Number of protein chains: 2
Amino acid sequence: MPDDSLIWLNGAAITQLPLPDRGLDFGDGLFETLLLIDAKPLYLSLHMARLDRGLQVLRFPRGVALIEKCLATACLEIAGKGWRYVSLRLTVTRGAGPRGYTPPREPEPRVVVQATRMLHDPTQMAAPAALGDSRIRLASQPALAGLKHLNRLEQVLCALDAREQGVDDALLLGQTGDVVSVGTGNVFIVRGDQISTPPLDDCGIRGTRRQQVMQCWAPALGHTVAESRILPSDIAQAEEVFYTNALYGLRPVAAYAGATWADHPVCAALFAAYMGELP
Amino acid sequence: MPDDSLIWLNGAAITQLPLPDRGLDFGDGLFETLLLIDAKPLYLSLHMARLDRGLQVLRFPRGVALIEKCLATACLEIAGKGWRYVSLRLTVTRGAGPRGYTPPREPEPRVVVQATRMLHDPTQMAAPAALGDSRIRLASQPALAGLKHLNRLEQVLCALDAREQGVDDALLLGQTGDVVSVGTGNVFIVRGDQISTPPLDDCGIRGTRRQQVMQCWAPALGHTVAESRILPSDIAQAEEVFYTNALYGLRPVAAYAGATWADHPVCAALFAAYMGELP
């Protein structure tokens, strides 16, 4: 482990997962990536709401007492370290079980927390990103759409595609060729007064910052955000493009498919609205 | 761990996985389930061929030296235990890595082997199974279809559905409503001289025993097997239904959707052909 990362299992400073674990065996679990500033998680209730929806869909025990305890333990230790900006990954698995897909009748979920000290300052808008294309398309799976579960091979392959192209991230399309997201966040385009983002009924992850853009930051600036079908050509022709995730907040896009964007006034204004919410 | 199970990590008797591991974080890996008789894996070359295809698609390092070494270590110890029938799960993950979806440029894959002593005798055809329906449909993902990767939430949900219905397994449909498989194996139906099984171009796992049925056992009995579209109603109306996996070989279906089957002559004959291949 590098010095700037800490791991806890079920709230103890344990960096080994007892085997078997259904999280490893089947991706039978969920995760959240939280931004912490001065050891305080941002938008915790949004993360916990998504996690809870996931627990329900995967038919996990719903009690989140262990999760909250593990998070509190981590935050206390991070505060002690004095780390200003931290990316915290919270993983919940269905724990151990007998051989095979069928979970135990009374699973004992496990919680892994990994805290990584961040190298960049998330209160400064990140440098505009270059986007490429991913060869992998997201599978259509309405039953799991929106959730942040552990079955993330598509995002891994997308990340490999982005690296091969020497870009920061890549556009992820659905099976029909519509844009769903980028590999690490939800995507938005600006055309005139209109901000649009793809619907996520078939695939993709419902991001916490996506929700904030739609419900808070864009309305505060007098914009409305429509969920609408977006094609890759719409991206290239947009006046402005940006994407959102917990770590960047909002990140402007500088280049995609030959198009370039030098200015990002809407993204910058939304980022300012985001900053206005920070303590 | 129950006494009838053993676990190795990278060939050592270690039952803890160092964190982080991309297999846990993203399901970034593959697995195989092998049947061992007297410590010898059956159809090893078929399993290794599928695993190798998966390593290629996921862009893992292709060398399988570690995998073969881990398997050899496990088999030696199983032989020492004198366990006659063993289910062996071989899991390959992309190992550790920095935060985020992007794999390290030079990943160091890890191999987890879990051997479980089997309670049933796999050389006897299993009791006919009752099948139910799963609420989850398999996502369409041609890029990963056929592979046995670690993203298996759909099978977990299918297993939960089967347990709720009090049946042995459940039919898994694709997004269009066609039959793809059951939760734990590939499905076949018999109509007259014709044996059919669903194509697996969009989703599902290409089973080793499915391949044996199609290429060896059915032809040896004068049957041909067609890959063809199968609807749930085709299952209910078939003369005979069975499914295949590494542990059962072939298992007849006794009941689905109100239909029942008392005799399974084709499945029994194929099972006999399978037995004829055993050492």
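In which sense do β2(A) and strand β2 of chain B pair? Please keep in mind that this is a predicted model. The two strands, each spanning residues 16-18, run antiparallel, and their pairing comprises 3 bridges. Within it, L17(A) sits opposite L17(B) of β2(B).

Now for the wider contact between the chains. Chain A contributes 40 residues and chain B contributes 40 residues. On the side of chain A that touches chain B, the elements giving two or more residues are β2 (16-18), α1 (22-26), β6 (110-117) and α4 (153-165). Of these, α4(A) gives the most, with 6 residues. The make-up of this side by class is as follows.

| Class, side of chain A that touches chain B | Count |
|---|---|
| Nonpolar | 19 residues |
| Polar | 16 residues |

Let's turn to helix α3 of chain A, which covers residues 65-81. Its 17 residues reach 25 Å from the first C-alpha to the last, close to the 24 Å expected at 1.5 Å a residue.

Which residues of α3(A) are buried? They are I67(A), C70(A), L71(A), A74(A), C75(A) and I78(A). Viewed down the axis of α3(A), these buried residues fall within an arc of 135°, so they line one face of the helix. They pack against β1 (5-9), β3 (29-37), β5 (85-93) and β6 of chain A. On the other side of α3(A), the exposed residues are A65(A), A72(A), L76(A) and G80(A). Just after α3(A) comes G82(A), with a positive phi of about 75°.

Key:
Residues are numbered from 1 along each chain as its sequence is written. Chains are lettered from A and ligands numbered from 1 in the order in which they are written. This is a predicted model: local features need pLDDT of at least 70, side-chain atom pairs count only at pLDDT 80 or more; totals for chains, interfaces and linings use all residues. Two residues are in contact if their C-beta atoms, placed from the backbone, lie within 7 Å. Helices (H or I, at least four residues) and strands (E, at least two) are DSSP runs, numbered from the N terminus. Ala, Val, Leu, Ile, Met, Phe, Trp, Tyr, Cys and Pro count as nonpolar, Asp, Glu, Lys and Arg as charged, and the others, Gly among them, as polar. Two strands pair if DSSP finds at least two bridges between them. The expected span of a helix is 1.5 Å times one less than its number of residues. A residue is buried if 20 or more other C-beta atoms lie within 10 Å of its own, exposed if 12 or fewer, and partly exposed in between; C-beta atoms are placed from the backbone. The arc is that of the directions from the helix axis to the C-beta atoms.
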